[in-house]
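Have the structure open as you read.

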Amino acid sequence: MSILDPAGPAASAQFWVWWAMLGVSVVVALVLFVLWLYTFRRREPVQRTPREEQRIMLRWVIGGGILLPLVSIVALLVFAAPTGRGMIPLPLPEGEAERIEVVGHQWWWEIRYPGENGEPDVVTANRLVMPAGEPVDFRLVSADVIHAFWIPRLGGKRDMVPGRYTTIRLEADEPSVFGAQCAEFCGTQHTGMLLHVEAMEREDYDAWLSERRAPREPQEGFDEAREAFGEHCAACHTVEGFPQELVDDDLPHAMVGPDLTDIGSRPTLGAGVLPMQEGAIAYWLEHHQTLKPGNRMPPHNHIDTETLQDIGAWLETMEP
């Protein structure tokens, strides 16, 4: 997750802006340090008239207080403006950029992939898959408080404001896996809001989407687990193809939890809290308020352990 290891055009440009700013600041600091040391080497005070003193003071004010900052700011703008322009979703010479919608929640990520009519037809959580070697426009918004979308190795962060969509264009040079993090303090579990990012070759990305768009085959078994899921979980969580007649929604208000349709294929649980492995979902269901205190999923103290383990085992089968 280091900005000093760029993996895309925007991040590379920012990388050199960062080094340029560091270099200039070091040079300025060294010059000031040398001048400061020089004042100790003068053995006899210089005799000047008040007019000469005023003239020297004006030179320092104009040179160091006006010209130097002005030249530095103009140089920084000239150098950095193309960097920022590269992240603006301008029209491409050919075709259109891939578009992915990201919604920030306390404290998880919802990822939406638009279909042919523009409406999201693939929805997942805490795992962002993108094509490599081509620009991708990320359309960002928050569902509750201000978050910030930041993939350090691909480019600068962008705030996510409730009710206001913003777009940032990023690109990965080649297939790889990146870490991402909410970069705006959003509550007690801000540091537990991690995002797993995978850049794939275009054909692998298309295949990944096709797998999730394919109709679900009817699933045999896990009847008790599905009934328990419908009773305790389905009011907030979605599983594509889940029988609506099993959903017991008696909540007095609307709550939205991560879409669990492909949870078995995700690398982590709880936005980076646990690695996905056998038994991890059941462990999360039993201990989620200990693992991630304050998350909006209520504790499951009223559900017996065997039932939670059944639900966890069934959810682990949720793969395309």
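Predicted model: local features only at pLDDT ≥ 70, side-chain atom pairs only at ≥ 80, totals over all residues.

What about exposure? Arg213 is partly exposed at 37% relative accessibility, and Asp121 is partly exposed at 36%.

Now try Arg169 and Asp137: the closest N and O atoms of this salt bridge are 2.7 Å apart. Here strand β8 is linked to strand β5, with the two residues 32 apart. Both Arg169 and Asp137 are buried.

## Neighbours and networks

Glu211 and Arg212 also form a salt bridge, at 3.6 Å from N to O. Is Arg212 buried or exposed? With 6% relative accessibility, it falls under the 20% cut-off, so Arg212 counts as buried. Glu211, at 45%, is partly exposed.

There's a network too: salt bridges link Glu98, Glu134, Arg202 and Asp206. The whole structure has 17 salt bridges.

Helix α1 covers residues 9–41 and spans 49 Å between its first and last C-alpha, close to the expected 48 Å. Its buried residues are Ala10, Ala11, Phe15 and Val17, and they pack against α2 and β8.

On the surface, a nonpolar patch has about 860 Å² of accessible area, with Trp16, Val26 and Phe79 among its members. Helix α1 gives the largest share, 6 residues. Val26, in α1, is partly exposed at 40%.

Note on methods. Residues numbered from 1 in each chain as written. Heavy atoms only, no water. Helix = DSSP H or I, 4+ residues; strand = E, 2+ residues; numbered from the N terminus. Expected span 1.5 Å × (residues − 1). Buried < 20%, exposed > 50% of the residue type's maximum accessible area, 1.4 Å probe, protein only. Contact = heavy atoms within 4.5 Å. Patch = residues over 30% accessible without salt bridge, like charges linked within 9 Å, V, L, I, M, F, W, Y side chains within 5 Å. Areas by Shrake-Rupley, 256 points an atom, 1.4 Å probe, with all protein chains shown as cover. Salt bridge = Lys/Arg side-chain N within 4 Å of Asp/Glu carboxyl O.
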